[in-house]
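Here's a friendly walk through one structure. Have a look at it first, and then we'll go through some of its features.

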Amino acid sequence: MAEISVTLKQHEMTASMATIREHQFVIDRPEAKGGHNAGPMGGELLLASLGGCFMSNLRAAIAAREDASVENIALTVTATFSDDMTRFSAVHMHVTAVADGQQLKKLVTIAERACIAANTVRGSVNLTVSSE
């Protein structure tokens with residue numbers, strides 16, 4: 001079975017250093033939560049990972065179609081906390097781009113179906129995607 005692995009090690013007082021292939025970055029809490037704000041929080045990176053996976057698949061879907069004319073793509077990933085603030089209860093991804101609206105909706109659907117991160121969290125949170 002194929003696997004992906006990420007390594008995290010303690011970094012300074014409150015942070016972790018994540019290593020993914022040859023890439024490294026710091027994960028920390030903001031000062032208001034007892035950290036030193038040396039990097040984004042894990043929950044923020046979860047949303048960035050979801051968005052990055054989705055965007056990668058969207059760009060691949062666009063590239064695979066000669067007739068696709070999509071420019072200035074932007075993606076906002078917004079999460080809603082559960083009542084007890086221990087998890088995300090919903091995540092919404094919103095795509096904007098300069099493109100034909102119907103074509104963009106089709107490409108967004110293709111990207112959503114292909115995104116490993118979206119397929120993983122779907123069922124655990126109310127995950128929705130929209131475009132304009």
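## A first look around

Ile-4 is exposed, with a relative accessible area of 81%; exposed means over 50%, buried under 20% and partly exposed in between, using a 1.4 Å probe and protein chains only. Ile-4 sits in the segment before strand 1. Together with Val-6 and Leu-8, Ile-4 makes a nonpolar surface patch of about 330 Å².

Keep in mind that this is a predicted model, where local features need pLDDT of at least 70 and side-chain atom pairs count only at pLDDT 80 or more, while totals for chains, interfaces and linings use all residues. Residues are numbered from 1 along each chain as its sequence is written, and side-chain values use heavy atoms, with hydrogens and water left out.

Now for the sheet: it is open, has three strands in the order 1-2-3, and pairs them antiparallel. The edge strands, strand 1 and strand 3, each pair on one side only. On average, neighbouring strands here are turned by 25 degrees against each other, direction ignored. Strands 2 and 3 pair over five bridges, and Ile-20 stands opposite His-23 in strand 3.

| strand 1 | 7–11 |
| strand 3 | 23–27 |

How many salt bridges does a search of the whole structure find? It finds one. The side chains of Arg-122 and Glu-112 meet there at 2.8 Å, N to O. Arg-122 lies in the loop between helix 3 and strand 6 and Glu-112 in helix 2, so the pair ties together parts ten residues apart in sequence. Arg-122 is partly exposed, with a relative accessible area of 34%.

Key
Pairing = 2+ DSSP bridges. Helix = DSSP H or I, 4+ residues; strand = E, 2+ residues; numbered from the N terminus. Axes fitted to C-alpha atoms, helices over the stretch in contact; angles between N-to-C directions. Salt bridge = Lys/Arg side-chain N within 4 Å of Asp/Glu carboxyl O. Patch = residues over 30% accessible without salt bridge, like charges linked within 9 Å, V, L, I, M, F, W, Y side chains within 5 Å. Areas by Shrake-Rupley, 256 points an atom, 1.4 Å probe, with all protein chains shown as cover.
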